[in-house]
Amino acid sequence: MSNYTEEKGIVIVGGGICGLATALALHKKGIESVVLEKAETIRAAGSAIGIFTNGWYALDQLGLANQLRQKAIPLKG
């Protein structure tokens, strides 16, 4: 049995959109975190993502909204 332990302040489980956004937000505040992801490689999956107004506010705070707006296709109802 090993006596090895590793201490981490914040562990984020899942490297999807929310996990990575959380890690980025913490990093911008100077808070170290580690992201755990079960997939061994990065993969593109899915065909669309819908972002509501509050999501755009969060992306603005992370400094990502302007780049994403250039690629976004607004849906009109």
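I began with the surface: the accessible area of the protein chain is about 7,200 Å², and carbon and sulfur atoms account for 57% of it. I note here that the model is predicted.

**Burial and overall form**

I looked up how much of the chain is covered. Of its 77 residues, 10% count as buried. I then checked the radius of gyration, which is 16 Å for the protein chain, whereas a compact globule of 77 residues would have one near 11 Å. For the extent along the principal axes, I noted a box of roughly 60 × 30 × 20 Å filled by the C-alpha atoms.

**Domains and elements**

I took down the division of the chain: domain 1 covers 8-38 and domain 2 covers 49-76. The centres of domain 1 and domain 2, over C-alpha atoms, lie 20 Å from each other. I listed three helices and two strands. Read from the N terminus, their order is β-α-β-α-α.

**Charges**

I looked up the charged groups next. The protein chain has 8 positive and 6 negative charges, and 14 Å lies between their mean positions.

**Val-35**

I picked Val-35, which sits in strand 2, residues 34-36. Is Val-35 buried, partly exposed or exposed? Its relative accessibility is 31%, so Val-35 counts as partly exposed; the partly exposed class lies between the limits of 20% for buried and 50% for exposed.

Which residues does Val-35 touch, leaving aside its neighbours within four places in sequence? I wrote down Ile-12, Gly-14, Gly-15, Gly-19, Leu-20 and Ala-23. I also took one distance from Val-35 to Leu-59, which is 24 residues away along the chain: their C-alpha atoms are 19 Å apart.

**Leu-75**

My last entry concerns Leu-75, in the segment after helix 3 (65-71). Why does Leu-75 count as exposed? The relative accessible area of Leu-75 is 81%, and exposed means over 50%.

**Recap**

I set the two residues side by side for reference. Val-35, in strand 2, is partly exposed at 31%. Leu-75, in the segment after helix 3, is exposed at 81%.

Definitions and conventions: Residues numbered from 1 in each chain as written. Predicted model: local features only at pLDDT ≥ 70, side-chain atom pairs only at ≥ 80, totals over all residues. Heavy atoms only, no water. Domains from an automatic or database assignment. Helix = DSSP H or I, 4+ residues; strand = E, 2+ residues; numbered from the N terminus. Rg over C-alpha atoms; globule rule 2.2 N^0.38 Å. Buried < 20%, exposed > 50% of the residue type's maximum accessible area, 1.4 Å probe, protein only. Areas by Shrake-Rupley, 256 points an atom, 1.4 Å probe, with all protein chains shown as cover. Lys, Arg positive; Asp, Glu negative; His and termini not counted. Charge placed at Lys NZ, Arg CZ, Asp CG, Glu CD. Contact = heavy atoms within 4.5 Å.
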